[in-house]
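Here is a walk through one protein model, from its overall layout down to single residues. Keep the structure open beside the text as you read.

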Amino acid sequence: MHKKVSYLLILLSVISFNSHSSEKILKDYLGDYYQLGTGKLSIFFIDIYDIKLFSKIKSYSKDEPFAIEINYLKDVKSTQIVDSSINEIKRISKPSRDELENYRTILARLFPNIYSGDQLIGIKTANNDGLFFYNKKRIGKINDEKLVDSFFDIWLSEKTSHPELREKLLMSYE
């Protein structure tokens, strides 16, 4: 019994630490912020990740800073993240072949292999840059505004493959 209580206390301290760290990242880049919505991506009854949308204002606007936090429930290889991102970007925004190859190179450098329990945070800044954090550590920046918009459109565009998830993300908690 004592061992179970110890494990529980360790788990709670890790959860508390992770939550605090995410809050600091969001506060650093969004200032005061609001959580707009949350959802879960499941494919064929397999839970892939939980996702949250945060914004500097009380509703989503592509023109205002916002952040997406993804907490993974399953291991996902870097190549899977890049391939699925490129497929969605291609479907939603129809970039040229050269743009797609450039995007693939940028995303392949950016995203590591992900393991269950890992977290990614993507932030669209006031300067229209994309900042990315993996388990609370900054892993990169994208300066290409078109790629930044296309990447976040995977979840936030009306053309998303997961409209029910988009709807949950855009729900404003007031």
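The protein has 5 helices and 6 strands. Keep in mind that this is a predicted model. Going along the sequence, the elements come in the order α-β-β-β-α-α-β-β-β-α-α. Of the 174 residues in the protein, 40% are buried. Take the contacts with a separation of 6 or more: 54% of them join residues 24 or more positions apart.

As a bit of background, nonpolar side chains in soluble globular proteins tend to be buried together. Here, the largest nonpolar core has 34 residues, and Leu 107 and Trp 155 have the most contacts inside it. Several elements each supply at least two residues of this core: strands E1 (34–43), E2, E3 (66–72) and E5 (130–134), along with helices H2 (78–93), H3 (97–110), H4 (145–156) and H5 (163–169). The top contributor to this core is H4, with 7 residues. Another core lies apart from that one; it has 9 residues, including Leu 26, Phe 54, Ala 67 and Phe 133.

What does Leu 107 touch, not counting residues up to four places away in sequence? Its partners are Val 82, Ser 85, Ile 86, Ile 89, Ile 142 and Phe 151.

A pair of packed helices is described by the angle between the axes and the distance between them.

The axes of H2 and H3 come within 10 Å and cross at roughly 150°. Since an angle over 145 degrees counts as roughly antiparallel, H2 is roughly antiparallel to H3. The crossing in which H2 passes H3 is right-handed. On the H2 side, the residues that meet H3 are Ser 78, Val 82, Asp 83, Ser 85, Ile 86, Ile 89 and Lys 90, and on the H3 side they are Leu 100, Tyr 103, Arg 104, Leu 107 and Ala 108. Sorted by class, the contact of H2 with H3 has 7 nonpolar, 2 polar and 3 charged residues.

H4 meets H2 at an angle of about 100°, and their axes are 9 Å apart. The two helices, H2 and H4, are therefore roughly perpendicular to each other. H2 brings Ser 85, Glu 88, Ile 89, Ile 92 and Ser 93 to this contact, while H4 brings Leu 147, Ser 150, Phe 151, Asp 153 and Ile 154. By class, the contact of H2 with H4 has 5 nonpolar, 3 polar and 2 charged residues.

Now for one residue in this region. Ser 85 sits in helix H2, and it takes part both in the contact with H3 and in the contact with H4. Is Ser 85 buried or exposed? Because its relative accessibility is 5%, Ser 85 counts as buried. Leaving aside neighbours within four places in sequence, Ser 85 is in contact with Leu 107, Phe 151 and Ile 154.

**Around the strands**

Phe 45 is in the loop between E1 and E2. Although Phe 45 is not a glycine, it has a positive phi of about 65°. Ile 46 and Leu 73 are 27 residues apart along the chain, and their C-alpha atoms are separated by 9.2 Å.

Another loop, between strand E4 (119–124) and E5, holds Thr 125. Not counting residues up to four places away in sequence, Thr 125 touches Pro 65 and Leu 131. Asn 128 is also placed in the loop between E4 and E5, and it is another residue with a positive phi of about 65° although it is not a glycine.

| Residue | Relative accessibility | Class |
|---|---|---|
| Ser 85 | 5% | buried |
| Thr 125 | 13% | buried |
| Ile 46 | 43% | partly exposed |
| Phe 45 | 88% | exposed |

Thr 125 counts as buried because its 13% relative accessibility is under 20%. Phe 45, at 88%, counts as exposed, because the cut-off for that class is over 50%. Ile 46, with a relative accessible area of 43%, is partly exposed.

How values were computed
Residues are numbered from 1 along each chain as its sequence is written. This is a predicted model: local features need pLDDT of at least 70, side-chain atom pairs count only at pLDDT 80 or more; totals for chains, interfaces and linings use all residues. Side-chain values use heavy atoms; hydrogens and water are left out. Buried means under 20% relative accessible area, exposed over 50%, partly exposed in between (1.4 Å probe, protein chains only). A nonpolar core is a set of buried Ala, Val, Leu, Ile, Met, Phe, Trp, Tyr and Cys residues joined through side-chain atoms within 4.5 Å. Helices (H or I, at least four residues) and strands (E, at least two) are DSSP runs, numbered from the N terminus. Contact means heavy atoms within 4.5 Å. Axes are lines fitted to C-alpha atoms, for helices over the stretch in contact, and angles run from 0 to 180 degrees between N-to-C directions. Angles under 35 degrees count as roughly parallel, over 145 as roughly antiparallel, 65 to 115 as roughly perpendicular and the rest as oblique. A crossing is left-handed if the near helix is turned anticlockwise from the far one by less than a right angle, and right-handed if clockwise. Ala, Val, Leu, Ile, Met, Phe, Trp, Tyr, Cys and Pro count as nonpolar, Asp, Glu, Lys and Arg as charged, and the others, Gly among them, as polar.
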